[in-house]
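Please look over the model shown here before reading on. The questions that follow take up a few of its local features in turn.

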Amino acid sequence: MNDKKAWWKEAVVYQIYPRSFADSNGDGIGDLNGITQHLPYLADLGIDVIWLSPVYMSPNDDNGYDVSDYRDIMPEFGTMKDFDNMLATAHELGIKIVMDLVVNHTSDEHEWFLRSRSSKDDPYRDYYIWKDGKGSYPPTNWQSVFSGSAWEYDDLTGQYYLHCFTKKQPDLNWANKKVRESVYEMMTWWCEKGIDGFRLDAINMISKDPSFPEGPVTDGLYGELMPYVAQGPHVHEYLREMNRKVLSKYDIMTVGEADGLSIEEAVKYAGNDGSELGMMFHFEHVSKGATTTPVFGKWDHDHPDLTKLRNILNKWQTGLEGRAWGSLYWDNHDQPRAVSRFGNDSRQYRVLSAKMLATLLHMMKGTPYIYQGEELGMTNMTFSSISDCRDVEQINAYRQYVTKHGMISSEELLKCFSAMGRDNARTPMQWDNSMNGGFSTAAPWIGVNPNYTEINAASQINDPDSVYSYYKKLIRLRHENEIIVYGKFRPLLEDSDCIYAYERILDDDVLTVACNWTENNVKCSLFDCTSGRELISNYDDHTPGILKPYEARVYLTRLATTTNRSASFS
Ligand code: GLC
Ligand code: CA
């Protein structure tokens with residue numbers, strides 16, 4: 001085995017989006033005490049780590065991804081005392097907590113920005129990226145990730161500031177050493193508090209192309225922002241510095257978020273030498289494929305093609321092998337629900353396909369992430385009016401493409417949102433079949449998916465055939481079988497249109513995984529002469545030579561008994 005062992009490589013992470021998890025005080029908004037109350041649920045599920053989406057002080061333009069004070073808790077979520085209590089309770093239950101670190105930008109209400117904007121001579125001016133316009137135009141034609149120009153003109157000093165996301169999320173200037181020192185100090189403060197790591201938001205964007213070039217215009221409105229604001233010349237230098245000054249001093253887990261990441265870049269960020277981060281989130285398998293409507297490419301929602309998806313995931317599995325650690329996810333707070341997007345959320349196949357997807361992901365190499373509700377097979381929502389949407393990304397896109405430029409009909413864009421919008425992931429957690437799914441006694445800040453009467457935690461916890469129980473078993477298997485953590489990945493059946501199969505190899509053991517990606521019976525001879533032991537499957541009995549609709553099977557075999565194949569192992 002050429003992987004150095006680490007607790008975070010052996011862990012299963014569960015992501016909590018606090019606003020939508022559990023409301024303890026009946027104001028319709030999830031909060032820290034709500035999380036604390038449900039920690040026993042997570043302990044029962046068996047997860048090791050919680051990744052907590054931001055809970056810092058924030059005006060909530062982007063639900064906490066716009067931080068106005070990194071050392072305080074947003075009042076809607078509770079107090080620092082509530083946080084400490086949550087952390088202590090989690091630790092008692094053996095659960096670690098990883099904070100979301102949003103430091104590519106702050107809120108425009110952060111004290112640093114208030115100072116920065118106040119005058120060109122203020123010592124904080126250079127904490128952000130200010131530039132003169134070109135005549136009456138912004139410094140570049142870049143479109144922000146959330147629609148509209150990436151530059152905002154500020155009357156007071158007659159300059160523009162850069163915001164890659166909303167105009168309430170000004171980008172910090174990482175070229176300024178004082179910015180970096182301030183961030184490291186804040187990180188140290190949290191580490192000293194006893195938190196267990198960081199998920200680093202948009203971390204590949206902290207160094208910008210110093211030439212600030214114009215981007216190609218693809219939607220007839222603005223120029224593209226990428227790649228000029230990502231993978232800049234100093235990003236690795238800054239992260240190595242962060243590692244030296246903060247990360248290396250604690251036994252913590254780190255995972256960096258990086259849209260547009262390549263394998264070679266991932267190896268730099270999360271290489272085995274440990275000089276930067278522990279692992280990275282790449283976006284390749286959740287990004288649009290070859291899009292038919294380039295203007296609205298982001299919202300393109302063809303059902304993913306197995307061959308394309310498998311090529312991407314296998315490429316990452318083999319590309320990182322022995323070089324860097326990877327992370328595994330189907331969904332998160334920025335993505336639609338896994339079972340709706342990659343599986344089949346019809347009444348007939350929801351449970352089967354949710355389990356199939358879980359098997360496929362959890363048997364791969366890397367640290368798996370479960371997004372709240374995924375373990376119940378929660379589904380996408382139908383958004384039939386823009387007034388049902390809460391996400392600033394959706395609202396801004398609607399304003400730009402429907403209201404302002406009439407480039408797409410309201411109906412069509414809402415269909416896109418129902419398939420791809422971030423709000424799908426943000427509907428309240430479905431705890432039971434009582435009012436509001438047991439999330440809150442008050443009207444929730446965003447509508448509950450009406451299918452909560454059928455899909456909810458209470459009905460699944462004690463049902464051995466539920467999606468919940470299946471996830472619980474997958475997590476337990478990972479904890480019990482080193483091969484699932486450290487085994488080498490090898491693709492199988494790469495020509496199949498219907499089956500995703502692979503094996504994992506560790507010492508004398510082979511783990512064979514096969515998943516039927518379709519709703520048909522499919523021929524599969526992989527298990528015909530196996531002498532292995534079945535570790536898990538979403539069917540109780542099997543038909544020889546066949547994988548049933550969405551069937552997933554995992555076998556563990558001793559290599560000595562599969563001599564005919566051993567010759568090809570390297
Ligand atoms: C990341 C977050 C996303 C947020 C954005 C800006 O992509 O995951 O939710 O909107 O960064 O902070
Ligand atoms: Ca609340």
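**Contacts, a metal site and a helix pair**

Q: With which side chain does the side chain of T379 make a polar contact?
A: In this predicted model, where local features need pLDDT of at least 70, side-chain atom pairs count only at pLDDT 80 or more and totals for chains, interfaces and linings use all residues, side-chain values use heavy atoms, with hydrogens and water left out. Residues are numbered from 1 along each chain as its sequence is written, while chains are lettered from A and ligands numbered from 1 in the order in which they are written. A polar contact is a pair of N or O atoms within 3.5 Å, of which, within protein, one must be able to donate a hydrogen and the other to accept it, and residues adjacent in sequence count only if both atoms are side-chain atoms. At 2.8 Å, the partner of the T379 side chain is the side chain of N451.

Q: Is T379 buried or exposed?
A: T379 lies in the loop between β13 (367–371) and α11 (392–404), helices (H or I, at least four residues) and strands (E, at least two) being DSSP runs numbered from the N terminus. Leaving aside neighbours within four places in sequence, its contacts (heavy atoms within 4.5 Å) include R337, D345 and N449. Buried means under 20% relative accessible area, exposed over 50% and partly exposed in between, with a 1.4 Å probe and protein chains only. Because its relative accessible area is 6%, T379 is buried.

Q: What is the relative accessible area of S107?
A: S107 has its place in the loop between β5 (96–101) and α4 (111–118), and a polar atom of its side chain lies 2.8 Å from the backbone nitrogen of E109. Not counting residues up to four places away in sequence, S107 touches P59, F113 and K168, among others. S107 is buried, with a relative accessible area of 0%.

Q: Which spacing do the donors of the calcium ion (ligand 2) follow along the chain?
A: Donors are N, O and S atoms within 2.8 Å of the metal (3.2 Å for Na, K and Ca), and as water is not among the atoms, sites may look incomplete. The protein donors are D23 (OD), N25 (OD1), D27 (OD), I29 (O) and D31 (OD), lying 2.2 to 2.3 Å from the calcium ion (ligand 2). D27 is partly exposed, with a relative accessible area of 35%, whereas D31 is buried at 3%. Along the chain, the donors follow the spacing D-x1-N-x1-D-x1-I-x1-D.
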